[in-house]
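Have a go at each task, then check the worked steps.

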Amino acid sequence: MTLIALSGELTETGHRLIQRVYYEDTDFSGVVYHARYLHFMERARTDYLRLLGVEQATLAIEGESEGLVFVVHRMEIDFKAPARMDDVLTITTATEKAGGAKMVLLQEIRREGTLLIAAKVIIAVINAGGRPRRLPETLAKKFLGNT
């Protein structure tokens, strides 16, 4: 298996990751526990960055002398339908905005085309000390598909 397959793939609109639902993802009723969707979306955002060539660990240490860190500032999530064990989910991530001290990412989780989760994730860009900072233009262009 190649790293790209493991990390999903870049698409015309952003990123796509395929994940299977395991027993550990479900609650006593057999459906995916609501907080597990956050895990799926986090993995997708991390792999999106990875495929764009953005190394978060390196940014945090070196990022233009004061470090650069991405943190979730706000999430809006609509739970449309449940997923169950053994379902194969497609998690998509698209950049709506990248600039200033934030990024806005739109994420969806689908099962065979059926929308299960729709989320808007606002990412704050901060330095290693926790202070807001501007997203470098080179990174903003990567997120917006203007590389």
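**Exercise 1. In which strand does Leu116 lie?**

Before starting, note that this is a predicted model, where local features need pLDDT of at least 70, side-chain atom pairs count only at pLDDT 80 or more, and totals for chains, interfaces and linings use all residues. Residues are numbered from 1 along each chain as its sequence is written, and side-chain values use heavy atoms, with hydrogens and water left out.

Step 1. Go to residues 114–126: that's strand E6, and Leu116 is in it. Strands (E, at least two residues) and helices (H or I, at least four) are DSSP runs, numbered from the N terminus.

Step 2. Check the surface: Leu116 has a relative accessible area of 0%, so it counts as buried (under 20% with a 1.4 Å probe, protein chains only; exposed is over 50%, partly exposed in between).

Step 3. Look around it. Skipping neighbours within four places in sequence, Leu116 is in contact with residues including Phe79, Pro82, Leu89 and Ile109 (contact means heavy atoms within 4.5 Å).

**Exercise 2. Work out how E5 is paired with E4 and with E6.**

Step 1. Take E4 and E5: they run antiparallel, joined by 10 bridges (strands pair if DSSP finds at least two bridges between them). Leu89 sits opposite Arg111 in E5.

Step 2. Find the turn of that hairpin. Two residues separate the strands, and Gly100 has a positive phi near 65 degrees.

Step 3. Now do E5 and E6, which are antiparallel with 10 bridges too. Arg110 has Leu115 of E6 as its bridge partner. This hairpin also has two residues between its strands, and Glu112 in the turn takes a positive phi of about 50 degrees.

**Exercise 3. Which residues have the most contacts inside the largest nonpolar core?**

Step 1. Know what you're after: a set of buried Ala, Val, Leu, Ile, Met, Phe, Trp, Tyr and Cys residues joined through side-chain atoms within 4.5 Å.

Step 2. The largest such core holds 31 residues, and the ones with the most contacts inside it are Phe40, Phe70, Leu89, Ile109, Leu135 and Phe143.

Step 3. See where it draws from: helix H2 (36–51), E4 (88–99), E5 (102–111), E6 and helix H4 (137–143) each give two or more residues.

Step 4. Zoom in on Ile109. Beyond four places in sequence, its contacts include Phe40, Met41, Leu89 and Leu116. In soluble globular proteins, nonpolar side chains tend to be buried together.
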